[in-house]
Amino acid sequence: MDFQIGLVIAGLTVGFIVGLTGVGGGSLMTPILLYFGISPTTAVGTDLLYAAFTKAGGVFVHNKKGNINWKITGWLTLGSVPAALLTLWILNSIKTDIETINRVIKYSLGWALLFTSIAIIFKNKILVFSQKHAGDKFHKESKTQNMLTIGIGILLGATVTLTSIGAGALGTVTLFFLYPLLPTPRLVGTEIAHAVPLTLVAGIGHASMGNLDLVLLGQLLMGSLPGIYIGSMLSGKVPDQFLRNAIAVMLFMAGYKLIF
């Protein structure tokens, strides 16, 4: 595709919002790509590698600060990567035309956006609820907790591979529920560390099926990398709750439009 300044600006805007609030990466980028006329399969495949590259920088920063629980990351990856590979195999094996696959991805994307918007709005309430139940059986027994973490990984692996959405907001909220006593910075850092191998594997899989536009990827990164830096520098200076609610409303509207 040809160079479009609008895509660079889109990358800059999404990168800025992610740096500022920690949410909105794939949730915002994929609908924006659809708005620019990119097919759903190419939008998802390109966005996955876009996420892998941008979040890799986040892993470096969070690891340096000690904000990553690598054990939890490992259990999540144990579920998500095999689930991603299975989802890719199913997508590649479906003997149907590309229009049908695009339609399936579009509707899946719509539902993922709706659930993500709800997760963002009720994030704090979910955190309070999970902390009240921090002494429950599945929080105390490590084997049960590990199995549930793998289960969450499987769910995220399939969702992210199909829609490129879920690794951020949905991943963080489910970790809040399972690990309520873990400090928020460590939960966010752990989710980002898990998102990198998941989006990389899913992105490479989509690329092998031809669902990747390298020129598009380059334009998005051209904008997002400085955007994330600027947003991170301003983080905390803008009302976080207002921004999150605004993003949630936008995602809900985008999801509703894709489904209905």
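Is E191 buried or exposed? In this predicted model, local features require pLDDT of at least 70 and side-chain atom pairs count only at pLDDT 80 or more, while totals for chains, interfaces and linings use all residues. Residues are numbered from 1 along each chain as its sequence is written, and side-chain values use heavy atoms, with hydrogens and water left out. E191 has a relative accessibility of 4% and therefore counts as buried (buried: under 20% relative accessible area; exposed: over 50%; partly exposed: in between; 1.4 Å probe, protein chains only).

A salt bridge was defined as a side-chain nitrogen of Lys or Arg within 4 Å of a carboxyl oxygen of Asp or Glu. Under this criterion, the count is 1 salt bridge. E191 is paired with K55 in a salt bridge, with 3.7 Å between the closest N and O atoms. Because E191 belongs to helix α10 (residues 184-208) and K55 to helix α3 (residues 40-64), the pair ties together parts that are 136 residues apart in sequence. Helices are DSSP runs (H or I, at least four residues), numbered from the N terminus.

Helix α10 also contains H206, which counts as buried at 0% relative accessibility. With residues up to four places away in sequence not counted, H206 touches T41, V44, G45, L48, L88, L91, T161 and N211 (contact: heavy atoms within 4.5 Å).

I126 is located in helix α6 (residues 123-132). This residue, I126, counts as partly exposed, at 24% relative accessibility. The C-alpha to C-alpha distance between I126 and H62 is 24 Å, and the two residues are 64 residues apart in sequence.

Note on methods
Helix = DSSP H or I, 4+ residues; strand = E, 2+ residues; numbered from the N terminus.
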